[in-house]
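Please find below a colleague's note on the structure displayed here.

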Amino acid sequence: AACYPNDKVEKLIPYVTSPDNTVPGVSTYYATTCRECAAGCGVLVETRDGRAIKAEGNPDHPVNRGALCGRGQSALQGLYNPDRFRGPMTRESGKLVHVTWERALQLLAQKLGEARSKGQSASAVFVNRHEQGSFGAFLDQWLAGYGMPTHIAYDAEAPLSTIAANRASYNVAWPKLDFAAAKVVVSFGADYLDGWGLSVTQQLDFADARAKLEGGPRVVYIGARRSLTGLNSDTWIPAKPGSERALADALLGAVSGRGTGGLKSAADAAGIPVGSLEALAKLLQSAKPSLLVAGGTGEEGTALAAAVNDLNKALGNVGVTVKPLDASLAFEGLSAHAAVREAAERMAAGKVPVAFVRGVNPAYSLPGGVKFAEAFAKVPFKVSFSSYPDETTDLCDLILPDHHSL
């Protein structure tokens, strides 16, 4: 104790009077939901003397069945981040300074009142992280009470191109992918073992399918880079970037009886031997059911995913390995990136009086061509609910730090 000055003294015993049902030095466990992404995995959080010390997957939760990815494991890093805001802050003379909650909320109410009195509330923007649960509905009710439009549900990492194709093909955002029911799994650039889609669920299902002593699926990966999924595949077809759609269209023609004439030109465009594509077409025709998935971004990614969905339909996979009736809710309600770009255009034009951001950092995560930071800076009053400093929060005029999920 003599080694520290008085302002550095730490309390080693968190409780003078312990709450009921707690024993000093004995862990207490809480079941909750991981909020590090929209998948909503179930977690069991170990706490000791009032402090969360470890997060593990909940074995009774249907989404992750006891598994937890690295992001979920590291949630404690956010909880104990030394840079977390200690309270609300406002911008004065160009700098963010600490204020009381009473003063911060008064300022917020004042700015909202000014926007309403000027008839500008309908032009406000609220960009919220995409999440499951009831908060989104509550948020929209609050926004409607001030005459503001519904929020934008933003997720920088969601496979939006695949989601758009799924909505058009199956009328759901994300059908269940049944790896165990497939005899062949083909991925067109979709790294389903590392970040694409519902990675934890897919990793578990893929591992269970490959662990079968008999009848496990043969796995083929098509893509320029041998990703984690490619490394765990039986066959890697190193197609040139951007050639995946041509391969999918050629395979669709071959398996649907329109002939194999397109395989040669598609193989040449992809820079692969035509024999590899012919062998894959024969494999898909003989080994049924199969499961085909597609990655990619932008309009080309959506077109690729649509072509792969047509392949699944032609091969009779829908309802067997691709199950729209058992669709996941993880990506339902997610806004397209076009909604964020449109909001950025209105900000750049000076048509947005008030903007809110919660749980997202679009100034960092959006493509540079959107110029979100420049557009956001033109909004007269900007509010962040972030618990930590980031590129978007640094541009805001008011910070109301949210609680951490733990």
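The note begins with conventions and overall figures and then turns to individual helices and residues.

1. Basis of the note. This is a predicted model, in which local features need pLDDT of at least 70 and side-chain atom pairs count only at pLDDT 80 or more, whereas totals for chains, interfaces and linings use all residues. Residues are numbered from 1 along each chain as its sequence is written, and side-chain values use heavy atoms, with hydrogens and water left out.

2. Overall figures. The secondary structure consists of 14 helices and 16 strands; helices (H or I, at least four residues) and strands (E, at least two) are DSSP runs numbered from the N terminus. The C-alpha trace spans about 75 × 55 × 40 Å along its principal axes. Of the 406 residues, 44% count as buried. Here buried means under 20% relative accessible area, exposed over 50%, and partly exposed in between (1.4 Å probe, protein chains only).

3. Contact means heavy atoms within 4.5 Å. Among contacts between residues at least 6 apart in sequence, 64% join residues at least 24 apart. The accessible surface comes to about 20500 Å², of which 53% belongs to carbon and sulfur atoms; the areas come from the Shrake-Rupley method with a 1.4 Å probe, and for residues only the protein chains shown count as cover. The protein has 40 positive and 40 negative charges, and their mean positions are 3 Å apart. Lys and Arg count as positive and Asp and Glu as negative, while His and the chain ends are not counted; the place of a charge is NZ of Lys, CZ of Arg, CG of Asp or CD of Glu.

4. Helix H4. In H4 (residues 135-145), the buried residues include Gly136, Leu139 and Leu143. These residues cover an arc of only 60 degrees around the axis, which puts them on the same side of H4; the arc is that of the directions from the helix axis to the C-beta atoms. An α-helix has 3.6 residues a turn, so residues three or four places apart point the same way. Strand S6 (125-129) is included in what covers the buried residues of H4. Gln141, Ala144 and Gly145 are exposed and sit on the face turned away from the buried side. Gly147, which follows H4, has a positive phi near 75 degrees.

5. Which residues of H9 (residues 261-270) are buried? They are Leu263, Ala266, Ala267 and Ala270. Their arc around the axis is only 100 degrees, which puts them on the same side of H9. The buried residues of H9 pack against helix H8 (244-255) and helix H10 (274-286). Gly271 follows H9 and has a positive phi near 70 degrees. Lys240, in the loop between strand S11 (235-237) and H8, is in contact with Ala269, Ala270 and Gly271, leaving aside its neighbours within four places in sequence. Lys240 is partly exposed, with a relative accessible area of 47%.

6. Asn64. Is Asn64 buried or exposed? Asn64 is buried, its relative accessible area being 0%, and is placed in the loop between strand S3 (51-57) and helix H1 (70-73). A polar atom of its side chain lies 2.9 Å from the backbone oxygen of Gly42. With neighbours within four places in sequence left aside, Asn64 is in contact with Cys41, Gly42, Gly57, Asn58, Val200 and Leu204.

7. Asp178. This residue is located in the loop between strand S8 (176-177) and strand S9 (184-188). At 16% relative accessibility, Asp178 counts as buried. Its side chain reaches the backbone nitrogen of Ala181 at 3.3 Å. Not counting residues up to four places away in sequence, Asp178 touches Leu291, Val320, Thr321 and Lys323.

8. Backbone geometry to check. Most residues other than glycine have a negative phi, and most peptide bonds are trans. Asp49 is not a glycine, yet has a positive phi of about 55 degrees; Asp49 lies in the loop between strand S2 (42-48) and S3 and is partly exposed at 24% relative accessible area. Ser93, also not a glycine, has a positive phi of about 55 degrees. Ser93 lies in the loop between strand S4 (89-92) and strand S5 (95-98) and counts as exposed at 81% relative accessibility. A cis peptide bond joins Lys288 and Pro289, with omega about 0 degrees; Pro289 lies in the loop between H10 and strand S12 (290-294).

Key
Polar contact = N/O pair within 3.5 Å; in protein donor to acceptor, adjacent residues only side chain to side chain.
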